[in-house]
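Please look through the model shown below before reading on. The text moves from one side chain to its surroundings, and then to the whole chain.

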Amino acid sequence: MKNLFLMRHGKSSWELNVSDQDRALLQRGITDAQLVATEFAGKNLKIDYVYSSPANRAFHTSIIFLRTLNYPLKHFSLVSDLYDFSGDKVVHFIKSLDDSLDNVLIFGHNHAFTYIVNALGNKHIDNVPTCGFVQLQFKENSWSSITQGSTIITIFPKQLKAW
């Protein structure tokens with residue numbers, strides 16, 4: 001059985017004149033990443049390896065999340081193909097994962113993540129929000145053969161905030 005954890009980067013800023021890959025997180029993105037990580041930690045889910053888009057906002061979100069969990073960075077890598085908005089490169093990456101990994105967390109971008117959770121999960125999600133987390137579970141034992149999985153958990157910052 002394979003578990004794919006997808007987390008979209010936190011809310012980022014458009015205020016600075018920098019390239020898209022260099023956009024920074026807003027304070028809300030930082031706070032939301034910590035909030036979702038804390039909720040995730042309470043679920044006692046195992047992570048074998050973590051990958052992130054090299055874009056600053058995804059990398060920063062991943063580091064905040066992993067520090068909140070005290071997760072060892074020796075099981076973390078940046079992957080340029082995860083800087084993808086269509087989802088095609090991300091799906092190719094997922095299907096090429098090493099089968100010794102059963103529980104993989106990926107930090108990346110929309111529209112790719114909304115596309116993937118709807119194409120591979122069994123619950124429609126209109127939009128994976130910033131710092132949105134989705135767990136997809138697959139019955140297959142090989143990443144290359146995953147097709148339709150089950151949407152097991154969603155953690156969205158808005159659900160966690162007291163109004």
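The model is predicted: local features need pLDDT of at least 70, side-chain atom pairs count only at pLDDT 80 or more, and totals for chains, interfaces and linings use all residues. Residues are numbered from 1 along each chain as its sequence is written, and side-chain values use heavy atoms, with hydrogens and water left out.

Asn122 sits in the loop between helix H4 (112-120) and strand E5 (133-138). Helices (H or I, at least four residues) and strands (E, at least two) are DSSP runs numbered from the N terminus. With neighbours within four places in sequence set aside, Asn122 is in contact (heavy atoms within 4.5 Å) with Gln148, Gly149, Ser150 and Thr151. Leu136 is 14 residues from Asn122 in sequence, and their C-alpha atoms are 8.8 Å apart. Asn122 counts as partly exposed because its relative accessibility is 47%; buried means under 20% relative accessible area, exposed over 50%, and partly exposed in between (1.4 Å probe, protein chains only).

Is Phe76 buried or exposed? Phe76 has 14% relative accessibility and therefore counts as buried. Phe76 belongs to strand E3 (residues 76-78). Not counting residues up to four places away in sequence, Phe76 touches Tyr49, Val50, Ser52, Phe59, Ser62, Ile63 and Leu66. Gln27 lies 49 residues from Phe76 in sequence and 24 Å from it in space, C-alpha to C-alpha.

Now the whole chain. The protein has five helices and six strands, and from the N terminus on the order is β-α-β-α-β-α-β-α-β-β-α. Its radius of gyration is 15 Å, close to the 15 Å that the globule rule gives for 163 residues, so the protein is as compact as a globular protein of that length. That radius is taken over C-alpha atoms, and the rule is 2.2 Å times the number of residues to the power 0.38. Along the principal axes, the C-alpha atoms fill a box of roughly 45 × 35 × 35 Å. Buried residues make up 50% of the 163. Of the contacts between residues at least 6 apart in sequence, 74% join residues at least 24 apart.
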